[in-house]
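Please look at the structure below with its charged side chains in mind.

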Amino acid sequence: MTAIVPPPSRIYLLRHAEAAFPAPGQSDFDRPLSERGYAAAEILAENAADKSYKPDLVVSSTAIRCRQTADAVHRAMGENLDIRFVDALYNATPEIYLDILGAQQDTGSVMLVGHNPVIEQTLEALIGHQLLAQALPNGFPPGGLAVLDFDPGRNNWRLIDFMID
């Protein structure tokens, strides 16, 4: 398990919703959400907002499908939501995701909108393999949102909720 010191109080890890199959000649980076993925992102974002899950900062990959997923979060959680798009989240490693989270020292809560397998590997780094396997036996699904709180007494992260549409 990885400790981010000093940590944000809450981390949200959001895998982009279901992407469309690539059109002939289309790059992976430019793949948009499918119709189902677009609807799922809207529903998930609204359900998260209903649970009062609102990050202070959203950091999203610049890939089209992540931008569209982050836009759904923005619509559900309000105009004041701070969203930053970061090229480094596309084709990244878990270490890059963790570095970006660790750099948010003045942020109470942060949401990363990214890609698998890295989003799942980041969750595993934060909570450990055993807890990941128990919580997500079939892996981190498209449009899944992991909500983690930092436990200062144990100096570790706890998965407090996992949402899908």
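## Salt bridges and a hairpin

Asp149 and Arg10 are both buried, where buried means under 20% relative accessible area, exposed means over 50%, and partly exposed lies in between, computed with a 1.4 Å probe on protein chains only. The model is predicted, so local features need pLDDT of at least 70 and side-chain atom pairs count only at pLDDT 80 or more, while totals for chains, interfaces and linings use all residues. Residues are numbered from 1 along each chain as its sequence is written, and side-chain values use heavy atoms, with hydrogens and water left out.

A salt bridge is a side-chain nitrogen of Lys or Arg within 4 Å of a carboxyl oxygen of Asp or Glu, and by this rule the count comes to 7. The table gives some of them, including the pair named above.

| Pair | Closest N to O |
|---|---|
| Asp149 and Arg10 | 2.6 Å |

Strands are DSSP runs of E with at least two residues, numbered from the N terminus.

Strand β5 (residues 145-151) pairs with strand β6 (residues 156-163) in the antiparallel sense over 7 bridges, pairing being counted if DSSP finds at least two bridges between two strands. Within this pairing, Phe150 has Trp157 in β6 as its bridge partner. The hairpin of β5 and β6 has 4 residues between the strands, and Asn155 takes a positive phi near 55° there.
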